[in-house]
Amino acid sequence: MRAMVLDRPKQPLQLRAVPKPKPDRGQLLVRVNACAVCRTDLHVVAGELPDPKLPLILGHQVVGRVEQIGKDAPSNFAIGDRVGIPWLGWTDGDCAYCRSGRENLCDNALFTGYTIAGGYADFTVADARYCFHLPDRYDDVQVAPLLCAGLIGYRSYRKTGGAQHLGIYGFGNAAHLIAQIALYEGRELFVFTRPGDNATQENARQLGAVWAGGSDEMPPKRLDAAIIFASVGPLVPAALRGLAKGGAVVCGGIHMTDIPSFPYADLWEERVITSVANLTRRDGDDFFAIAPRVPVRTHTETFLLEEANTALDRFRAGKLNGAPVLVVNRAAPSEVAAMDLNSRESSGEPR
Ligand SMILES: [Zn+2]
Ligand SMILES: [Zn+2]
């Protein structure tokens, strides 16, 4: 099968023919149809995350069809079913974190496209217990970016509790998805972009934000919570300064540059800074229940599997018009009809 392989950090991925994986006990063999590219993939390629499994097949927003079922796999999937494979690939179920409902923090967790092989390939295998059924409303390309930006974004959003005045720093893929849910739930949204990025600010206002401005500006009123989706540490004290008493800053990314020091007075009055790590299966179930009701819409830009380096380069350079998605295998004829009906939401057809 074809795979885009990372041999070493800071090198381009290599298109290579590798053996098709076999499903182990409890695993599904999945024919990959689409795999969205996440900012975390950039951090893995840049060598900013420790100890990736090398050589590595990246990709943790995988959409495909079950081709084969390993021994003793749970019966929640049948051959031919559509399946979504997220970042959380395996947990031990046994450590203190798993036993207290926090499998996202599992001491021995394995992560798709990082410490186990992911979806930048024709096929992949995944532990069936960590895979999701995906809402029928979405085609494969539309649903792929929901699998990380959506799920981990949703976990970040839930950490803001009932925040009525909600700030979002960094209006990329995750922010765009979560903003739709926040508005659906009646929150007032304040969006912060790079100073001077008027196009993104206008975009946020059109989506329904009550205010949009630069990250160097203070919000017009104190915020109950702010989520930071940009990997820029200095945004943390900036966001903190705009919070109401008891407010929270939630860092929603897996990697962030260092946070500068700030006066204790900015944290005083029970303000909180927290981060979100990974996801639980519960986050996924909750998100895929609410997403089609909103409905959360995705904007995508598609690339072929062998164009993965181009997708990564353009992502890094901020030159994308939607969430990047690799189209790996052309959809079967019955799936194409559904895609045609929905393709207006996507910004481009597979090239
Ligand atoms: Zn565990
Ligand atoms: Zn991700």
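I started with the domain assignment, which gives domain 1 as 2-150 + 279-345 and domain 2 as 160-275. A reminder to myself: this is a predicted model.

**Between the domains.** I looked up how far apart the two parts sit, and the centres of domain 1 and domain 2, taken over C-alpha atoms, are 27 Å apart. Next I checked the contacts, where 14 residues of domain 1 meet eight residues of domain 2. On the domain 1 side, helix 1 (39-45) and helix 4 (149-158) are the elements that give two or more residues. I also sorted that side by class and found eight nonpolar, four polar and two charged residues.

**Strand 13.** Is strand 13 mostly covered or uncovered? I find it mostly covered, since six of its six residues, 223-228, are buried. I then followed its neighbours. Strand 10 (residues 165-169) pairs with strand 13 in the parallel sense, over four bridges. Strand 14 (residues 243-251) also runs parallel to strand 13, joined by five bridges. I picked Ile227 to trace across: its bridge partner is Ile168 on one hand and Val250 in strand 14 on the other.

I turned to an open sheet with the strand order 2-1-4 and antiparallel pairing. Strand 2 (14-17) and strand 4 (56-57) are at the edges with a single partner strand each, so one side of each has no neighbour in the sheet. For a landmark here, I marked Arg2, which stands opposite Ala17 in strand 2.

**Helix 5.** How many residues does helix 5 have, and what is its reach? I get twelve residues (173-184) and 17 Å from first C-alpha to last, close to the 16 Å expected at 1.5 Å a residue. Nine of the twelve are buried, so helix 5 is largely enclosed by the rest of the structure. Among the buried ones I listed Asn173, His176, Leu177, Ile178 and Ile181. What do the buried residues of helix 5 pack against? My list reads helix 4, strand 10, strand 11 (188-193), helix 6 (198-207), helix 8 (281-290) and strand 17 (323-327). Last entry for today: just after helix 5, Gly186 takes a positive phi of about 80°.

Terms used. Residues numbered from 1 in each chain as written. Chains lettered and ligands numbered in written order. Predicted model: local features only at pLDDT ≥ 70, side-chain atom pairs only at ≥ 80, totals over all residues. Domains from an automatic or database assignment. Contact = placed C-beta atoms within 7 Å. Nonpolar A, V, L, I, M, F, W, Y, C, P; charged D, E, K, R; others polar. Buried ≥ 20, exposed ≤ 12 C-beta atoms within 10 Å, placed from the backbone. Pairing = 2+ DSSP bridges. Expected span 1.5 Å × (residues − 1).
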